[in-house]
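User: I am new to reading protein models. Can we go through some of the labels and see where they come from?

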Amino acid sequence: MMENVTLLGFAAATCTTLAFLPQVLKTWRTRSTEDISLTMFLVLCGGIVLWLIYGMLTEDWPLMVGNGITLLLAGTILFFKLRHG
């Protein structure tokens, strides 16, 4: 049963993580972040860091992997937002 729960966690992490990929690619190509809220991405990245810490403390691999990759993607968008406004 635990294997199924872990697989479900990895499936959910994959979906929520990949949702950021199109925005990262668009932001990377256009260097435009005009319509992206800085406050929203600051709060989002803070929340992702907290989920990542929680995943580490509970040794929950789907949370750690998913939030680690999501932080990389959301952090990329945040970087471009801070750099290009």
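User: What makes Glu-59 count as buried or exposed?

Analyst: This is a predicted model, so the answer rests on computed values. Glu-59 has a relative accessible area of 62%. The cut-off for exposed is over 50%. Glu-59 is therefore exposed. Glu-59 sits in the loop between α3 and α4.

User: What is the phi of Glu-59?

Analyst: Phi of Glu-59 is near 55°. That is a positive value in a residue other than glycine. Most residues other than glycine have a negative phi. Arg-31 is another case, with a positive phi of about 55° although Arg-31 is not a glycine.

User: Why does Thr-76 count as buried?

Analyst: Thr-76 has 17% relative accessibility. Buried means under 20%. Thr-76 therefore counts as buried. Thr-76 is found in helix α4. Leaving aside neighbours within four places in sequence, Thr-76 is in contact with Val-24 and Trp-28.

User: Where is Trp-28, and what does it touch?

Analyst: Trp-28 is in helix α2. Not counting residues up to four places away in sequence, Trp-28 touches Thr-76 and Phe-80. Trp-28 and Phe-80 are 52 residues apart in sequence. In space they are 7.8 Å apart, C-alpha to C-alpha.

User: How do you know how α2 is oriented relative to α4?

Analyst: Start with the angle. Helix α2 (residues 21–30) and α4 pack at about 30°, with their axes 9 Å apart. Angles under 35 degrees count as roughly parallel. So α2 is roughly parallel to α4. The contact is made by Leu-21, Gln-23, Val-24, Thr-27 and Trp-28 of α2 and Leu-73, Thr-76, Ile-77 and Phe-80 of α4. These residues divide into six nonpolar, three polar and no charged. The crossing of α2 and α4 is left-handed.

User: Why are α3 and α4 called roughly antiparallel?

Analyst: Use the angle again. Helix α3 (residues 38–58) and helix α4 (residues 61–84) pack at about 155°. Their axes are 9 Å apart. Roughly antiparallel means an angle over 145 degrees. Helices α3 and α4 are therefore roughly antiparallel to each other.

User: Which residues make the contact of α3 with α4, and how do they divide by type?

Analyst: On the α3 side, they include Leu-38, Phe-41, Leu-42, Cys-45, Ile-48 and Trp-51. On the α4 side, they include Leu-63, Met-64, Asn-67, Leu-71, Ile-77 and Lys-81. The contact residues divide into 18 nonpolar, five polar and one charged. The crossing of α3 and α4 is left-handed.

User: What is the pattern of the protein chain along the sequence?

Analyst: The pattern is α-α-α-α. The chain comes to four helices and zero strands.

User: How much of the chain is buried, and what is its accessible surface?

Analyst: Buried residues make up 29% of the 85 residues. The accessible surface is about 5,900 Å². Carbon and sulfur atoms account for 70% of that surface. The C-alpha trace spans about 45 × 20 × 15 Å along its principal axes.

Notes:
Residues are numbered from 1 along each chain as its sequence is written. This is a predicted model: local features need pLDDT of at least 70, side-chain atom pairs count only at pLDDT 80 or more; totals for chains, interfaces and linings use all residues. Side-chain values use heavy atoms; hydrogens and water are left out. Axes are lines fitted to C-alpha atoms, for helices over the stretch in contact, and angles run from 0 to 180 degrees between N-to-C directions. Helices (H or I, at least four residues) and strands (E, at least two) are DSSP runs, numbered from the N terminus. Angles under 35 degrees count as roughly parallel, over 145 as roughly antiparallel, 65 to 115 as roughly perpendicular and the rest as oblique. A crossing is left-handed if the near helix is turned anticlockwise from the far one by less than a right angle, and right-handed if clockwise. Contact means heavy atoms within 4.5 Å. Ala, Val, Leu, Ile, Met, Phe, Trp, Tyr, Cys and Pro count as nonpolar, Asp, Glu, Lys and Arg as charged, and the others, Gly among them, as polar. Buried means under 20% relative accessible area, exposed over 50%, partly exposed in between (1.4 Å probe, protein chains only). Accessible areas come from the Shrake-Rupley method with a 1.4 Å probe; for residues, only the protein chains shown count as cover.
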